Amino acid sequence: MTDWTIRLAQPGDADHWPAIERAAGTLFSGDPDLADLDFDETWEPDELRALIRKGHCLSASLGQRTIGFLASQPFSRELHVWEMSVHPDGQRLGIGSALMRACLVDAHNSGFKAVTLTTFRDLAWNGPFYAALGFEEVTALDAHPRLSAELALEADNGLPPERRCAMIRFLD
């Protein structure tokens, strides 16, 4: 089935996104480095609504069902992707790629100079996925203090720092 669409998120979408994030998190449940993480801990709908109000979040639907989302936030001349999740029922249909491509178009049209995110560098649906979309790993973190601080916070929250990286996609 390829009856999916992507659109700019609306505040009511936030009520559906935590369940999608939780379901997508099951892909990580067999990873021994992540055994201590609580996959039920997700973004709160009110937090998501605050991001949606900034105007750069996207929602994906499969038929009438919300199936994926991309939550982002402007930081000066960069748009930072906090979360992109697609429910397992909608994976392998191109929805994640379409969400990210739509985000890149929106960021470019809105005048941002780059899109940033943090991710696992070693998981196929993370680092390599983003690299295929033109993202590069940020190796000079001293030049990107916001991303460096985000990686440090993730490590404090139990994510394995040796597997995490910040990535950036510069826009033309």
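**Exercise 1.** Leaving aside neighbours within four places in sequence, which residues is H56 in contact with (heavy atoms within 4.5 Å)?

*Solution.* Leaving out those sequence neighbours, H56 touches L8, L70, S72, P74, L79, D106, S110 and F112. This is a predicted model, where local features need pLDDT of at least 70, side-chain atom pairs count only at pLDDT 80 or more, and totals for chains, interfaces and linings use all residues. Numbering runs from 1 along each chain as its sequence is written, and side-chain values use heavy atoms, with hydrogens and water left out.

With a relative accessible area of 11%, H56 counts as buried (under 20%; exposed is over 50%; 1.4 Å probe, protein chains only).

Finally, pick out D106, whose side chain makes a polar contact with that of H56 at 2.6 Å (a pair of N or O atoms within 3.5 Å, one able to donate a hydrogen and the other to accept it).

**Exercise 2.** Which residues of α5 are buried, and what covers them?

*Solution.* Start with the buried set: L147, E150, L151 and E154. Down the axis of α5, the buried residues fall within an arc of 100° (taken from the directions from the helix axis to the C-beta atoms), so they line one face of the helix. The general rule: an α-helix has 3.6 residues a turn, so residues three or four places apart point the same way.

Then look for the cover, which includes β4 (78–86), β5 (114–120) and β7 (164–170).

Conventions
Contact means heavy atoms within 4.5 Å. Helices (H or I, at least four residues) and strands (E, at least two) are DSSP runs, numbered from the N terminus.
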